[in-house]
Amino acid sequence: MKLSVRFAGLTALAALLATACAPQTSSNSSSDKDEKTGTLRVWLFQEVGNAPKEKVVDSVVAGFEKAHKGTKVDVEYIPVDTRAQRVKAAFNDPASAPDVMEYGNTDTAGHVKDGGLLDVTKEFGDWSEAKDTDPTARQSVTVDGKLYGAPFYVGVRALYYRTDVFEELGLSVPKTMDELASAAREIRAAKPELYGLVVGGAYTYGAMPFVWANGGEIASGKGGSYASGIDSPEARKGIKAYTSLFGDDNCPAAKCAGMGGNDTISAFAAGKAGMAIGGDFSHTAVEAGKVKGKYAVVPLPGVKSGSIAPAFAGGNNIGVLKSTSHRTLAVELMEQLASKKTQSELFEAMGFLPTFTDVRQQVARQEPFVKPFVRTLSAGTKFVPASPAWAQIDSSLVLPTMFQEVISGKKDVTKASEDAAKKMNAAFGSAG
Amino acid sequence: MSRVNDHAEPADTEGGRVAGASAEFDPVEAGGASAGAGAAGSDAVGTGARASETRAGTGAAAGAAPAPAARPPHGSRPAHAPASGPGNVAAAEAAPAGGVREGSVAAPARQGGGSTGRPPGKEARGRRSGRARVRRGASGASPLVSGGWTPWLYLAPALVVLGGLLVYPIYQLGLISFFQYTQAQVSGGEPTTFEGFGNYAELFGDPQFWQVLLATVLFATACVVSTLAVGCALAVLLTRVRALPRLALMLAALGAWATPAVTGSTVWLFLFDPDFGPVNRMLGLGDHSWTYGRLSAFFLVLLEVVWCSFPFVMVTVYAGIRAVPGEVLEAASLDGASQWRIWRSVLAPMLRPILVVVTIQSIIWDFKVFTQIYVMTNGGGIAGQNLVLNVYAYQQAFASSQYGLGSAIGVVMLLILLAVTLVYLRLLRRQGEEL
């Protein structure tokens with residue numbers, strides 16, 4: 001009899017399991033509706049000092065509402081830190097999702113796989129301004145040959161250096177990667193309280209230019225069939241070049257191995273480093289530091305004299321959500337938000353680098369500070385693999401772990417890069 | 001009142017054995033089998049008084065031979081009972097099990113079990129008990145509220161909360177761990193596929209998992225031992241010092257306790273910072289980096305974990321020591337026992353229940369440590385050398401939205417913690433400790 005209770009319980013449980021088909025899934029199918037009036041919801045990122053951005057966006061929105069009678073645009077600024085959760089929530093619940101949204105360009109492939117973004121290949125092709133879009137920016141909205149949005153702005157890194165230190169030690173601005181390393185060591189030797197070139201073991205986008213400049217790639221392939229290239233001989237050369245900068249003669253491993261991008265910029269801004277690799281977006285932080293007025297920026301040198309190391313083209317895009325019920329209007333609003341006019345206004349307001357080559361040249365003439373960044377961009381930039389697996393590779397810290405293994409002497413370059421490649425291929429294999 | 005009597009009557013045979021068995025089983029079953037019992041009990045709740053009647057009838061049917069004594073009350077429908085056999089039997093069994101808590105049904109059941117072969121005496125006692133129950137019912141809410149489902153009614157709020165907040169999430173966790181369930185599946189970009197033990201296979205096939213698991217177990221053990229040692233030592237100290245230092249120590253401990261883990265970790269990191277940290281300056285270590293070496297990084301985190309979790313142990317144990325009669329301690333010191341001896345031979349045995357609670361708490365806390373590692377070693381240390389299971393789960397699974405794999409890690413952790421706790425409780429039981 002006691003058994004029968006157990007049995008009844010088990011049967012009930014089994015029945016429950018059998019009928020509970022699967023965990024919840026939202027029905028995020030694309031909407032068939034294409035309403036020509038109503039409210040359009042827009043999510044943009046909340047930047048530090050957001051007011052100028054709001055002003056520019058407001059004027060775009062006012063123009064849009066004027067041109068389309070009966071439409072209203074509702075713009076919301078979402079915090080950058082929690083954007084991942086917000087975007088996931090939007091994909092899970094189409095009813096509360098926006099029509100148009102800004103997203104980080106490394107997230108493109110992931111968002112597409114999650115089924116959240118609308119394919120706008122045709123509309124983008126018909127757009128008169130699209131032809132001036134710089135190829136890397138275009139690549140950052142492309143997955144499997146289809147376009148899922150319009151590039152909004154780009155961010156790129158270059159070499160910050162201390163003009164006063166270089167002058168005092170009689171150094172010239174490095175023209176090759178070897179010169180960069182030797183200049184860094186000279187600074188450290190002459191001024192032991194400074195890092196020569198401050199580098200970070202967890203600073204992937206500061207390290208990748210070394211790999212790219214030596215001819216290596218993170219991964220190669222297209223669409224579903226990426227394969228890691230991080231263990232190629234060229235890539236290994238780059239890894240070696242970067243990791244050799246960790247040491248007591250430049251940036252002691254004990255301190256620098258754990259640093260990320262922000263740590264290196266903080267160190268440079270606090271006057272503790274002779275050189276650093278920073279982005280156009282780091283400008284404000286450096287200006288606010290001790291080194292204000294005592295530094296300059298040049299493109300990061302490549303292997304050969306006079307060449308520029310390929311930089312990572314970060315930045316944001318604007319896309320339309322699949323669940324929108326205002327397809328035509330939403331795409332049009334996306335184009336206006338990412339237009340040449342808006343981008344050049346946003347540059348003036350926020351310092352965002354435009355994604356159109358001609359607009360970028362134009363702003364570089366107005367603002368000398370961005371020149372090295374624009375030069376870096378025109379020399380050709382690189383982008384992360386357009387695979388949904390990238391999010392997984394990024395968040396499980398495959399590349400930082402590889403660099404740190406080499407820096408801390410746990411593994412040699414060959415073994416570390418082999419293991420990293422294995423992990424990456426596993427991710428490419430499972431995530432497609 | 002005769003209902004109880006009827007139920008007790010067939011105790012000589014099968015019905016009594018069942019009742020006795022389930023009553024005895026109750027302490028264990030109460031939590032674990034609540035799902036099954038609840039399903040069975042719902043039958044009783046739904047049909048109210050009729051259910052208890054049929055229960056009596058079923059008891060009689062089960063008792064079979066001494067049926068004449070059973071006297072189904074209020075014209076119960078005996079024909080109904082055999083027809084719906086197993087279900088009602090289940091209800092009959094579940095009811096007394098729950099009834100133990102309420103204290104009315106259990107008494108006759110136990111008597112029934114114990115008084116085999118002495119029908120008259122048992123009958124009398126059964127009647128007495130039945131009267132007592134009616135009296136209680138009258139002075140309570142309503143005389144109609146009787147029978148097996150009353151305890152469930154009282155337990156209902158707790159069960160609803162437990163079911164909603166504990167059972168359901170764990171059920172979901174287990175369910176998701178069997179599926180390929182990433183953000184693409186959640187938002188409907190791709191269909192959800194059943195993976196069986198695929199997620200578990202992937203997890204156990206990852207050599208890093210075993211490495212991290214080992215590190216977690218060792219680290220948690222070190223944390224638990226240090227926390228308990230520091231907490232108990234300071235609790236004893238608290239009883240030995242004057243009011244003012246005691247207040248100061250209490251306030252300091254409560255301050256540490258109240259500090260959010262992120263803040264505490266950041267402050268500790270700053271204290272040991274190679275460039276600006278006061279510790280290096282005081283010890284004259286130059287710019288030694290504490291987070292670079294694996295062991296030294298773990299040691300640093302251990303200090304923070306102990307710092308923020310010893311106050312709980314200290315305060316609880318201190319309260320326990322205060323409850324120990326002063327004469328016992330006085331007698332011990334009159335006999336010339338040292339502090340250590342008093343702790344070992346007097347306080348520790350008397351405080352054992354409290355120590356059990358704080359140990360289990362500490363095991364669970366320290367096994368699940370996340371914030372300290374994440375903040376202090378920057379997400380797992382140089383090349384992941386300081387990863388513990390929780391941070392590993394976060395990086396492998398949740399940060400990249402692989403919820404299926406993450407759930408599998410969660411289930412594994414749950415099982416490990418349950419096993420550790422059960423083994424620990426069992427060891428204590430072996431030593432003759434009732435909990």
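Colleague: What makes α9(A) a helix that is largely enclosed by the rest of the structure?

Modeller: The buried residues of α9(A) are Thr204(A), Tyr205(A), Gly206(A), Ala207(A), Met208(A), Pro209(A), Phe210(A), Val211(A), Trp212(A) and Ala213(A). A residue is buried if 20 or more other C-beta atoms, placed from the backbone, lie within 10 Å of its own, exposed if 12 or fewer do, and partly exposed in between. Because 10 of the 10 residues of α9(A) are buried, α9(A) is largely enclosed by the rest of the structure. Helices (H or I, at least four residues) and strands (E, at least two) are DSSP runs, numbered from the N terminus. Just after α9(A), Gly215(A) takes a positive phi of about 95°.

Colleague: What kind of model is this, and how are its residues, chains and ligands labelled?

Modeller: This is a predicted model, in which local features need pLDDT of at least 70 and side-chain atom pairs count only at pLDDT 80 or more, while totals for chains, interfaces and linings use all residues. Residues are numbered from 1 along each chain as its sequence is written, and chains are lettered from A and ligands numbered from 1 in the order in which they are written.

Colleague: Why are α9(A) and α10(A) called oblique to each other?

Modeller: Helix α9 (residues 204-213) of chain A packs on helix α10 (residues 233-243) of chain A at an angle of about 135°, and their axes are 7 Å apart. The axes are lines fitted to C-alpha atoms, for helices over the stretch in contact, and angles run from 0 to 180 degrees between N-to-C directions. Angles under 35 degrees count as roughly parallel, over 145 as roughly antiparallel, 65 to 115 as roughly perpendicular and the rest as oblique. The pair α9(A) and α10(A) is therefore oblique.

Colleague: Which residues of α9(A) and α10(A) meet?

Modeller: On the side of α9(A) they are Ala207(A), Phe210(A), Val211(A) and Ala213(A), and these meet Ala235(A), Gly238(A), Ile239(A), Ala241(A) and Tyr242(A) in α10(A). By class, this contact of α9(A) with α10(A) has eight nonpolar, one polar and no charged residues. Two residues are in contact if their C-beta atoms, placed from the backbone, lie within 7 Å. Ala, Val, Leu, Ile, Met, Phe, Trp, Tyr, Cys and Pro count as nonpolar, Asp, Glu, Lys and Arg as charged, and the others, Gly among them, as polar.

Colleague: Why are α21(B) and α22(B) described as roughly antiparallel?

Modeller: The axes of α21(B) and helix α22 (residues 403-430) of chain B cross at roughly 160° and come within 8 Å, and α21(B) and α22(B) are therefore roughly antiparallel to each other. Leu389(B), Ala393(B), Gln396(B), Ala397(B) and Phe398(B) in α21(B) meet residues of α22(B) that include Tyr403(B), Leu405(B) and Met413(B). By class, this contact of α21(B) with α22(B) has eight nonpolar, three polar and no charged residues.

Colleague: And why are α14(B) and α16(B) called oblique to each other?

Modeller: Helix α14 (residues 261-271) of chain B and helix α16 (residues 294-323) of chain B pack with their axes 10 Å apart, at an angle of about 135°, and are therefore oblique to each other. The contact is made by Ala261(B), Gly264(B), Ser265(B) and Trp268(B) of α14(B) and by Leu300(B), Leu303(B), Glu304(B), Trp307(B) and Cys308(B) of α16(B). By class, the contact of α14(B) with α16(B) has six nonpolar, two polar and one charged residues.

Colleague: How do you know that Val388(B) is buried?

Modeller: Val388(B) is found in the loop between α20 and α21 of chain B, and Val388(B) is buried because 27 other C-beta atoms lie within 10 Å. Leaving aside its neighbours within four places in sequence, Val388(B) is in contact with Val212(B), Ala215(B), Thr216(B), Phe219(B), Val369(B) and Ile373(B). Val388(B) and Phe367(B) are 21 residues apart in sequence and 8.4 Å apart in space, C-alpha to C-alpha.

Colleague: What makes the phi of Asn378(B) worth a remark, and is Asn378(B) buried or exposed?

Modeller: Most residues other than glycine have a negative phi. Phi of Asn378(B) is near 60°, a positive value in a residue other than glycine, and Asn378(B) lies in the loop between α20 (371-376) and α21 (389-398) of chain B. Asn378(B) is buried, because 22 other C-beta atoms lie within 10 Å. In the loop between α20 and α21 of chain B there is also Ala383(B), which has a positive phi of about 55° although it is not a glycine. Ala383(B) is buried too, with 25 other C-beta atoms within 10 Å.
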